[in-house]
Amino acid sequence: MKLDGRRESSNVDDRRRMSSGAKFGIGGIAGIIIAAVIAYMTGGDPMQAISQGVVEQMTKGKTEVVENQREFTEEEQALAKFSKQILAGTEDVWTEIFKQHNATYEYPKMVLYTDAVSTACGQGSAQTGPFYCSGDQSLYVDLSFFSTMRQQLGADGDLAYAYVIAHEVGHHVEYLTGVLQEAHQQMSRLSEADANRISVRLELLADFYAGVWAHHDNKMFGSLEDGDIENAIRCAEVIGDDYLQKKARGYVVSESFTHGTSAQRMKWFKLGLQTGDISKGTTFQCSDAEL
């Protein structure tokens, strides 16, 4: 991507030097947050766990924050700058889109952290991958995830990384439009399998919104270069539930899908990228077969 001269978002809370963890006495076990956020890379959905009340607020114990004195590598600093520029791009694009629909876009915050982080939705971990918390309207990113994408999944390239950030911002758009809250309310009343079906629709809509952002970012700034789109589509493919489950255990269980198949994720990202038209984001109006 062409990002030279692009601004960096100021809506960033860099906590990479701070690692947080909870300390509990013997009598404080009842107050431990249940760490039920499933790894992003295995198709898990942190927001589903939160919405169903699996992750609870800590009621006892102490949270200890320790400062990490380690110096960041050049690559880490470059990724931090890149992430801030992508977030700024999402701010510019979604501000304009909301304005066209007589609405005001409220910026989310991006929290950069290392290993673990405290959020309004409970304790987050780098093992979950990037995630969005509607409780504080923030997306949380441990930059090491991008290395994991490259090394373990073979997903690399600027737009592939940007797609991950834009996807989480897509959940923020869902929150601002009320889609996220309504879906979570429905999920809390359903069986796990039926709740998973709604989760898939939320995730595919966020994929679509990531594509919409890429379309308009390129229109505004001429940001896309040769190979960018292919890299992003490859990323969508390798984080499909079927791909990851088959890679992890050799078979798939479709009832447990929470993000969508590789084909579905590529389809909705490409639709957003090609059209840039938010009215085409019909994942909640489509039948299962049409997804």
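## Two helices side by side

Let's start with a pair of helices: H5, covering residues 179-188, packs with H6, covering residues 192-221, at an angle of about 165°, and their axes lie 9 Å apart. The model you are looking at is predicted. Angles over 145 degrees count as roughly antiparallel, and H5 and H6 are therefore roughly antiparallel to each other. The crossing of H5 past H6 is left-handed.

Which residues in H5 and H6 meet? On the H5 side they are Val 179, Leu 180, Ala 183, His 184, Gln 186 and Met 187, and their partners in H6 are Ala 195, Ile 198, Ser 199, Leu 202 and Leu 205. This contact is made by 8 nonpolar and 3 polar residues, with no charged ones.

## One disulfide

How many disulfides does a search of the whole structure find? The search turns up 1. It links Cys 121 with Cys 133, with an S to S distance of 2.0 Å. The torsion about their S-S bond is about 90°, so this disulfide is right-handed.

Cys 121 sits in the loop between strand E5 (116-119) and strand E6 (122-125), while Cys 133 belongs to strand E7 (residues 131-133), so the pair ties together parts 12 residues apart in sequence.

## Buried or exposed?

Now for the surroundings of some cysteines. Under 20% relative accessible area means buried, so Cys 121, at 10% relative accessibility, counts as buried. Its disulfide partner, Cys 133, has 0% relative accessibility and is buried too.

Cys 235 is buried, with a relative accessible area of 1%. Cys 286, at 16% relative accessibility, also counts as buried.

Terms used. Residues are numbered from 1 along each chain as its sequence is written. This is a predicted model: local features need pLDDT of at least 70, side-chain atom pairs count only at pLDDT 80 or more; totals for chains, interfaces and linings use all residues. Side-chain values use heavy atoms; hydrogens and water are left out. Axes are lines fitted to C-alpha atoms, for helices over the stretch in contact, and angles run from 0 to 180 degrees between N-to-C directions. Helices (H or I, at least four residues) and strands (E, at least two) are DSSP runs, numbered from the N terminus. Angles under 35 degrees count as roughly parallel, over 145 as roughly antiparallel, 65 to 115 as roughly perpendicular and the rest as oblique. A crossing is left-handed if the near helix is turned anticlockwise from the far one by less than a right angle, and right-handed if clockwise. Contact means heavy atoms within 4.5 Å. Ala, Val, Leu, Ile, Met, Phe, Trp, Tyr, Cys and Pro count as nonpolar, Asp, Glu, Lys and Arg as charged, and the others, Gly among them, as polar. A disulfide is a pair of cysteine sulfur atoms within 2.5 Å. Buried means under 20% relative accessible area, exposed over 50%, partly exposed in between (1.4 Å probe, protein chains only).
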